[in-house]
Structure formats: structure tokens, C-alpha cells
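Welcome! Let us take a friendly tour of how protein chains can meet one another. Have the sequence and the 3D view open as you read.

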4 protein chains.
Amino acid sequence: MPHSPQEKKKVLARVKRIRGQCDALERALEAGADCGPVLQQIAAIRGAVNGLMSEVMEAHLREEFGQPAASEAQRAARVAEMSGLIRSYLK
Amino acid sequence: MPHSPQEKKKVLARVKRIRGQCDALERALEAGADCGPVLQQIAAIRGAVNGLMSEVMEAHLREEFGQPAASEAQRAARVAEMSGLIRSYLK
Amino acid sequence: MPHSPQEKKKVLARVKRIRGQCDALERALEAGADCGPVLQQIAAIRGAVNGLMSEVMEAHLREEFGQPAASEAQRAARVAEMSGLIRSYLK
Amino acid sequence: MPHSPQEKKKVLARVKRIRGQCDALERALEAGADCGPVLQQIAAIRGAVNGLMSEVMEAHLREEFGQPAASEAQRAARVAEMSGLIRSYLK
């Protein structure tokens, strides 16, 4: 998950970008960069990880709720699962 | 929102609890409490505010997706709105 | 802590402001406000709590490191304590 | 920064670990892993990035305040700089 090729591609592009940011941070640390710029790079990585988490949750929402549920039970199960994900990761 | 009396009651109880935590923090500060315990109280408030935000988003999810959508357009609009809320507040 | 009258006053003003934001949120919930504006108010409270935590840590830093340490041992103890606070609350 | 070989080594080890976590996440996504485990992996990366930020700030604190300042002006400048870093990144 996400299962559609387009969603998957977007999410993978974000992961690759975060890895690139880690590479740049490693080079900056090796080169002895100052603390201020290093913290800025880390904060940018933190922002990118939050963006990735949001993207995955939004993709899941679209996949689970973009089509009508097959039954009341399925609808209730989807709502309970999504609710649990929000509770776990909204922090 | 949340509109059901039960959801509203739960959310209001959380808000009142946070206000009570602020009152206790104010008393601790007035009494000259040490930095460590004061930061613990503030961290507890932060956790309670995150819990409140999660509760409101979960209530909204239940209200929006707990019933079948009346149309494709309504379903798409609900998904787009919920997706925007996740993107805005998951950080 | 913070112990200087000025630092204490600034911190208390922030706590009172957060309580005022809780009051406004309670009124909005009682009045049946929509989910979007309610989440915005909660996000503003979250930001204010983070600002308060930062203010208290900065006040502590100024009080601990604004004067020379009386000894090597005191300096080391202050650094260890401040380091622990950063580790505990930077998240 | 951090400048001591030991601090630098610890920080670089954290960056490499985060990159390894990104690699594992990419493999899970390519393999079509479910949303729940994927979000758990992302949350673990988020925690690791916060730990890295804390480590860098603590190293900076040790380097700046582990030795007596050469003058009042230097002490004040160090406190102001560290205070600004706390304000910027404690969120």
C-alpha cells in the first residue's frame, strides 16, 4: 500500500528524496559544517518525513473511501481502521 | 462539529481537562516550581492537545464516512476534505 | 522556575493566553462550529504550548548559563541537566 | 559541527541508520506492503530524525558550554545563539 501505480510512484519519489537529503547531510557533517545549517538540514528532513506520512495516509484514505463499501460491516471496519491510524500517528 | 451529543461531550471533557492542566501549571509557576517538573506539566498539556486534535478528526471521520455518500460527487468531496485535514494537521 | 520576576511574568502571560484559547474553543464547540475552524483553533493552541515550552527552556538556559559556573563540577552538572531536557522535550 | 571526532562519529552513525531505514521502507513499498506496517516504518524514521536533531543540539551545547567563556560578551553570545536554536527547533 498504496496500491495504485501512480500513488506508489509518488510515495517512492518522496522516499528517494529523503535519502538524497540524508546523503547531503552526511556530506555536510563530513565537511565539518556549522551547527546552524546542519540543524536546518535535519529540520528539512523532518518536514519531508511528515509529508511522506501524510501522503501515505491520504493515499490509504482515497483507496479505502473512494469506492462505496460492500456492506455496513465493511464500512464500519474501514472507519475503525482509519480512526486508529489517525490516533496513532497524529502526534 | 462534532455534532452528535456523545462526541461533543467527549471533546468538551478533553478541553476542560486541558484548562485544568493550565490552572495547575499556573499554580506551580506562581509557587516557584523547578524547571524539570514545569516542563513535565507542559509536555503533558502538549500530549493532551494532540489527543484532542485526534479525537476531533476521528469524530469527523465517523460522521462523514459512517454513512454511505448520497452520490459519487459527495463521496469525492468528503475524501478531498478529509485528505486536506490530514495534510494540514499531521505534523 | 523561571525565577526572575520578568521571566516568570512572561511565562505566566503565555499560560493565561492558552487558557483563553481553551475558553474560546469551548465556546466554539458549544455553538456547534464546523470541524475545519475547530481544528484550526486546536492547532493554534498546540503552537502556543510549543512556544511556552520553548520559553521555559530558554529561561532555564539563561538562568543556568548566564553566569560563570562556580566550579568545573557545577558546569558539567548544568550541561548534563540541560542536555537531558533537550533530549526529553525535543520531539 | 559537532567537531570532536567522537561526537561526529555518533552523529554520522545516526544518519547512516536513517538511510538504512529509508532503504527498508523503499523495499517494503516496492513489495506492496500494507499501510499499517508502512506507517510504522515511517513513524520509526520520524523518531530517528528527532533523535538525530536532539543529538546535534546536545553536542553543540557540550561544545559551547563545556568550557568557561573567554568573556562576558562571549557567554552572552553563546546563550543567545543556543536560545535561538531551541526556539527554532523545539516543535
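What follows is a short report on the chains and the places where they touch.

## Before we start

This is a predicted model, in which local features need pLDDT of at least 70 and side-chain atom pairs count only at pLDDT 80 or more, while totals for chains, interfaces and linings use all residues. Residues are numbered from 1 along each chain as its sequence is written, chains are lettered from A and ligands numbered from 1 in the order in which they are written, and side-chain values use heavy atoms, with hydrogens and water left out.

## Where chain B meets chain C

Let us begin with chains B and C. Here, 38 residues of chain B are in contact with 38 residues of chain C, where contact means heavy atoms within 4.5 Å. The two chains bury about 3,500 Å² between them, and carbon and sulfur atoms give 68% of that area. Buried area is the accessible area (1.4 Å probe) that two parts lose on being put together, summed over both.

The interface of chain B and chain C also has 6 salt bridges; a salt bridge is a side-chain nitrogen of Lys or Arg within 4 Å of a carboxyl oxygen of Asp or Glu. You can find a salt bridge between C:Arg19 and B:Asp23, at 2.5 Å from N to O. Between chain B and chain C, 12 residue pairs are in polar contact, both residues being at pLDDT 80 or more. A polar contact is a pair of N or O atoms within 3.5 Å; within protein, one must be able to donate a hydrogen and the other to accept it, and residues adjacent in sequence count only if both atoms are side-chain atoms.

## What chain B brings

Three helices of chain B, α1 (5-30), α2 (35-65) and α3 (72-89), each supply at least two residues of the side that touches chain C. Helices here are DSSP runs (H or I, at least four residues), numbered from the N terminus. Which helix gives the most to this side of chain B? The answer is α2(B), with 16 residues.

By type, the residues on the side of chain B that touches chain C divide into 23 nonpolar, 6 polar and 9 charged. In this grouping, Ala, Val, Leu, Ile, Met, Phe, Trp, Tyr, Cys and Pro count as nonpolar, Asp, Glu, Lys and Arg as charged, and the others, Gly among them, as polar.

## A matching pair

Chain B superposes on chain C by a rotation of 180 degrees with 0.0 Å of shift along its axis, at an RMSD of 0.0 Å. That is the relation of a two-fold axis. The superposition is by least squares on the C-alpha atoms of residues with pLDDT of at least 70 in both copies.

The same surface serves both copies, as 100% of the contact residues of chain B recur in chain C. Of the residues of chain B, B:Arg19 comes closest to the rotation axis, at 2.9 Å (C-alpha).

## Where chain D meets chain C

Now turn to chain D: 21 of its residues are in contact with 21 residues of chain C. Chains D and C bury about 1,900 Å² between them, with 69% from carbon and sulfur atoms. The count of salt bridges between chain D and chain C is 2, and D:Arg87 forms a salt bridge with C:Glu58, the closest N and O atoms being 2.3 Å apart.

Look next at D:Glu58, in helix α2 (residues 35-65) of chain D. Is D:Glu58 buried or exposed? D:Glu58 is buried, with a relative accessible area of 4%; buried means under 20%, exposed over 50% and partly exposed in between (1.4 Å probe, protein chains only). D:Glu58 touches C:Ser83, C:Ile86 and C:Arg87, not counting residues up to four places away in sequence.
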